[in-house]
Amino acid sequence: MKYISAQHGISTLVTHFSEGDNPYYSHITPIYQTSTFGFPDAETAGKIFAGNQEGYFYTRSDNPNAAQLARKIAMLEALDLLKQQPHEVIEKVAMGKVFASGMAAISAAILGRAQAGDTIIAQRILYGNSYRFMNELAPRLGLKVVWVDKPDREGWESALDAHPHAELVYAETPANPALDMVDLHELAKITHAHNAWLIADNTFATPYHQRPLSLGCDVVVHSTTKYLAGHGFVIGGALISTHLEYASPQGGVGLIGRVMGAAPSPFDCWLANIGLKTFELHMRRHADNAMTLARWLSDHPKIKRVFYPGLKEHPGHDIATRQMTNGFGGMIAFELRGGYHDAVKLMENLKLATLAVSLGNVGSLIEHPASMTHRSVPPSERLRANITDGLVRFSVGIENIEDVIADFEQSLNTM
């Protein structure tokens with residue numbers, strides 16, 4: 001195995017960490033496209049099933065491609081912690097597991113810790129299906145969800161003081177779709193003072209821009225579909241935690257993964273790992289492009305307001321400056337003065353961006369949250385989250401930014 005440590009740079013890590021760790025030292029890890037694994041003898045089989053020996057027995061439980069991807073993402077999320085303990089291996093600091101989708105990772109993160117009768121404190125501004133899990137599914141499983149309308153210190157403390165036995169706090173930052181910011185370091189202190197765990201969705205920021213474990217969070221979740229895989233060719237999710245037993249194959253998360261069966265295919269894990277190799281390169285371009293476009297849109301007379309944490313006028317700019325690194329990510333939201341009518345015209349007249357949901361692709365994507373990703377959120381709650389009928393969400397790709405701006409200019413000129 002190549003010796004790669006947390007002292008190496010991100011591009012070195014994603015290129016080499018866990019690669020070549022196979023019998024033939026192939027430059028790219030092969031695809032272990034198999035449903036089951038054999039054993040040399042019954043004794044070995046028993047040890048692997050008991051968790052007393054490393055190995056694999058069934059791809060629904062684990063697979064070399066899934067394990068490699070999980071280790072690599074855990075390495076990225078725990079980089080700062082590992083730098084403080086340079087002689088430790090990743091498995092002694094943080095453990096990861098990958099899933100068939102981001103929602104599978106979120107479900108496992110919650111159900112691996114909480115049980116019927118427990119309380120979850122969650123911010124109301126969330127990705128649409130995270131909101132649906134909390135609002136529709138969690139109550140059916142006996143979980144009580146307490147919503148925080150304003151995710152600032154006062155809002156979180158008030159909710160936790162009113163529910164001192166809450167098991168979990170759930171945050172998303174920057175939040176989907178208007179890039180609301182949550183101070184994770186402060187929230188972690190508040191959460192732990194109430195003996196609860198903090199789960200953070202880091203999909204928008206990625207560990208390139210923000211590392212929640214370093215800020216005190218207990219669990220980080222991702223849709224690897226987005227920036228981590230980066231090319232829009234795979235669906236997947238990931239969970240990383242510093243609570244090693246909880247995240248282990250024998251722990252709560254491992255149990256949920258095995259029993260609920262939301263396992264990614266070996267090929268999907270292999271694809272995500274290939275996409276991850278250019279992670280730093282595309283994240284840098286996403287962030288640079290997003291900042292340039294956000295400033296340009298802010299000066300356009302047909303744009304009412306722009307939501308991007310890199311802008312000084314963004315209400316969460318100070319938080320973003322403290323807890324984000326290497327820029328502010330590749331997601332922008334903006335509201336058109338002409339409301340829904342102009343939002344539709346803009347989206348349909350753009351030539352480079354694809355009118356589609358999802359985000360984090362190398363190609364730009366544009367969508368309308370109120371009628372698409374956040375349609376299930378009640379209108380009154382959408383308005384509280386700045387999701388008006390004129391709001392558009394834009395995932396800024398890695399195209400030449402001059403071309404992206406020219407495309408926006410021609411589209412806005414049609415109105």
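Is K47 buried, exposed or partly exposed? Here are some notes that get to that and to a few other things worth a look; bear in mind that this is a predicted model.

1. To start with that question: K47 counts as partly exposed, at 35% relative accessibility. Its side chain meets that of E43 in a salt bridge, 3.4 Å from N to O. E43 counts as exposed, at 54%.

2. R132 counts as partly exposed at 35% relative accessibility, and E136 counts as partly exposed at 35%.

3. E167 is in the loop between α7 (153–162) and β4, while R113 is in the loop between α5 (102–111) and β2, 54 residues away. E167 is buried, with a relative accessible area of 19%; the cut-off for buried is under 20%. R113 is partly exposed at 30%.

4. The salt-bridge count comes to 17. R124, D149, E381 and R384 are joined in a network of them.

5. Now the sheet. It is open, has 7 strands in the order β1-β7-β6-β5-β4-β2-β3, and its pairing is mixed. At the edges stand β1 (95–99) and β3 (144–148); each has a single partner strand, so one side of each has no neighbour in the sheet. On average, neighbouring strands are turned by 20 degrees against each other, direction ignored. Within the sheet, β2 (residues 119–123) and β4 (residues 168–172) pair in the parallel sense over 3 bridges, and I121 has V169 as its bridge partner in β4.

6. Helices pack against these strands. α3 touches β1, β6 (219–223) and β7, with its direction at about 130 degrees to that of β1. Helix α8 (residues 184–193) lies across β4 and β5 (197–201), running at about 155 degrees to β5.

7. The largest nonpolar core has 48 residues, and I73, I90, V98, L276 and F279 touch the most other members. Its largest share, 7 residues, comes from α3. Leaving aside residues up to four places away in sequence, L276 touches several residues, including V14, L69, I73 and L228.

8. What about disulfides? A search of the whole structure finds 0. C217 counts as buried at 3% relative accessibility, and C269 is buried at 2%.

Technical notes
Residues numbered from 1 in each chain as written. Predicted model: local features only at pLDDT ≥ 70, side-chain atom pairs only at ≥ 80, totals over all residues. Heavy atoms only, no water. Core = buried A, V, L, I, M, F, W, Y, C linked by side-chain atoms within 4.5 Å. Buried < 20%, exposed > 50% of the residue type's maximum accessible area, 1.4 Å probe, protein only. Helix = DSSP H or I, 4+ residues; strand = E, 2+ residues; numbered from the N terminus. Contact = heavy atoms within 4.5 Å. Disulfide = S-S within 2.5 Å. Pairing = 2+ DSSP bridges. Axes fitted to C-alpha atoms, helices over the stretch in contact; angles between N-to-C directions. Salt bridge = Lys/Arg side-chain N within 4 Å of Asp/Glu carboxyl O.
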